[in-house]
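Q: I would like a close look at a single part of this protein, with some account of its surroundings. Please keep the wording plain.

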Amino acid sequence: MAILEKLQLLGNAASWDSCGGVKQKSMKKAGIPASYSGFVYDCANSAEPCRLMKVLQSNSCIHDCKYCINNSSRKGKAGLEPIELAKSFNSLEKAGYVDGLFLSSAVTGEADRTAEKMIKSARILRERFHFKGYMHLKVLPTMSKHLVFEMASLANRLSVNLEATSKEHWQELGSTKNYLRDLQQRLLWLDEAKRKGKLTSFTTQLILGAAEETDLDVLKKMKWLYENTKLHRTYFSAFQPIRGTALEKQQPEKELREYQLYQSDWLLRVYGFKLREVKLGLNEENMFGNAKDVKMAIAANNPNQFPVDVNCASKEDLLRVPGIGPKTAGKILEERQHWNRKFRSFKELRKAGVAVRRAMPFVELEGRRQAKLGSFC
Ligand code: SF4
């Protein structure tokens with residue numbers, strides 16, 4: 001099989017992994033050949049513009065994950081030798097098409113042998129091609145601890161896909177991996193590497209809707225991870241049935257759910273919300289339902305906390321207001337403390353960065369509260 005064909009196959013197989021990369025939409029505009037579209041991704045969440053080559057080392061797997069196209073029943077098998085992968089990346093990087101690598105793999109035979117191939121690919125890039133840019137490597141289920149640490153020495157970021165929120169939910173999705181031993185234990189090794197200063201950052205991914213977990217299950221798992229490890233962030237992947245897999249007839253998960261859980265992840269991780277607060281946005285089935293704005297749903301179900309007086313509220317209270325994020329809360333406090341400023345109108349709040357339409361029902365200015373758009377009561 002030609003290298004380009006392998007890259008397309010292995011790039012498409014990697015597309016189910018959420019790592020902050022989104023498929024490169026304007027290939028032509030960026031001057032990238034259309035045939036590279038399967039494995040060239042934009043970094044959606046990066047402050048710096050960045051484009052990734054995102055591929056698997058191999059797509060042939062010994063495991064039986066029911067949602068995965070690469071599982072042991074797969075027909076079209078392909079793999080890249082380390083030198084093929086490194087040379088391909090080097091050519092793309094030299095042409096200016098990519099500046100980072102995301103490398104994952106199915107487990108082809110023994111996990112350690114596959115991991116060694118990934119490490120060799122990364123090592124060739126670092127040592128022979130002197131690549132100094134961003135590299136995200138995927139830790140494989142069942143791979144050995146010393147190889148996890150070796151990966152850490154080469155990569156900017158490592159990740160382990162937990163996929164499910166608990167061992168019970170994992171049992172709905174596959175029979176060959178042990179959730180606590182093969183997946184979560186590897187995440188704890190990443191935490192150890194991070195605490196010892198041997199790893200810059202690590203992340204995980206959860207699949208939504210393949211098993212029967214609720215949003216509350218997801219929130220509880222995130223809380224546990226953020227409180228007990230130095231996990232950088234959680235990615236979500238809304239389940240989509242793939243033809244030829246055991247779950248091909250299962251309903252796809254709504255993209256809205258992915259969006260809701262990304263919002264709640266921000267509230268827990270960046271805004272400092274407690275789990276009991278985020279839970280206020282859930283319905284009786286422990287789901288966010290049709291709420292498009294999770295923070296708004298939480299605020300609407302927590303009337304005792306509002307209105308918040310913008311001119312004397314703490315940062316913590318300001319952050320509870322829909323339409324006020326950490327940057328804007330910081331700016332309001334700075335203006336109040338350093339310039340002794342009082343905000344007297346929504347126009348002034350808008351200038352400070354407040355999304356006024358969302359914030360209006362939840363704030364008061366000098367004892368006045370806006371009951372509805374366009375009028376003070
Ligand atoms: S371990 Fe599971 S999810 Fe990963 S490639 Fe193999 S079958 Fe797919």
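Into which domains is the protein chain divided, and how do helix H2 and helix H3 meet?

A: This is a predicted model. The protein chain is divided into domain 1, residues 3-253, and domain 2, residues 307-376. Between the C-alpha centres of domain 1 and domain 2 there are 41 Å.

Now the two helices. Helix H2 covers residues 82-94 and helix H3 covers residues 111-128. Their axes come within 8 Å and cross at roughly 40°. H2 is therefore oblique to H3, since angles under 35 degrees would count as roughly parallel and 65 to 115 as roughly perpendicular. The crossing of H2 past H3 is right-handed.

On the H2 side, the contact is made by Pro82, Ile83, Leu85, Ala86, Phe89 and Asn90. On the H3 side, Lys117, Lys120, Ser121, Ile124 and Leu125 meet them. Sorted by class, the contact of H2 with H3 has seven nonpolar, two polar and two charged residues.

The residues around the ligand are Cys61, His63, Cys65, Cys68, Asn70, Asn71, Ala106, Val107 and Pro141. This shell divides into six nonpolar and three polar residues, with no charged ones.

Two backbone details remain. Most residues other than glycine have a negative phi, and most peptide bonds are trans. Thr142, which is not a glycine, has a positive phi of about 75°. Thr142 sits in the loop between strand S5 (134-138) and helix H4 (145-154). Phe306 and Pro307 are joined by a cis peptide bond, with omega about 5°. Pro307 is placed in the loop between helix H10 (294-300) and strand S9 (308-309).

Terms used. Residues numbered from 1 in each chain as written. Predicted model: local features only at pLDDT ≥ 70, side-chain atom pairs only at ≥ 80, totals over all residues. Domains from an automatic or database assignment. Near = placed C-beta within 6 Å. Nonpolar A, V, L, I, M, F, W, Y, C, P; charged D, E, K, R; others polar. Axes fitted to C-alpha atoms, helices over the stretch in contact; angles between N-to-C directions. Helix = DSSP H or I, 4+ residues; strand = E, 2+ residues; numbered from the N terminus. Parallel < 35°, antiparallel > 145°, perpendicular 65-115°, else oblique. Left-handed = near helix turned anticlockwise from the far one by under 90°. Contact = placed C-beta atoms within 7 Å.
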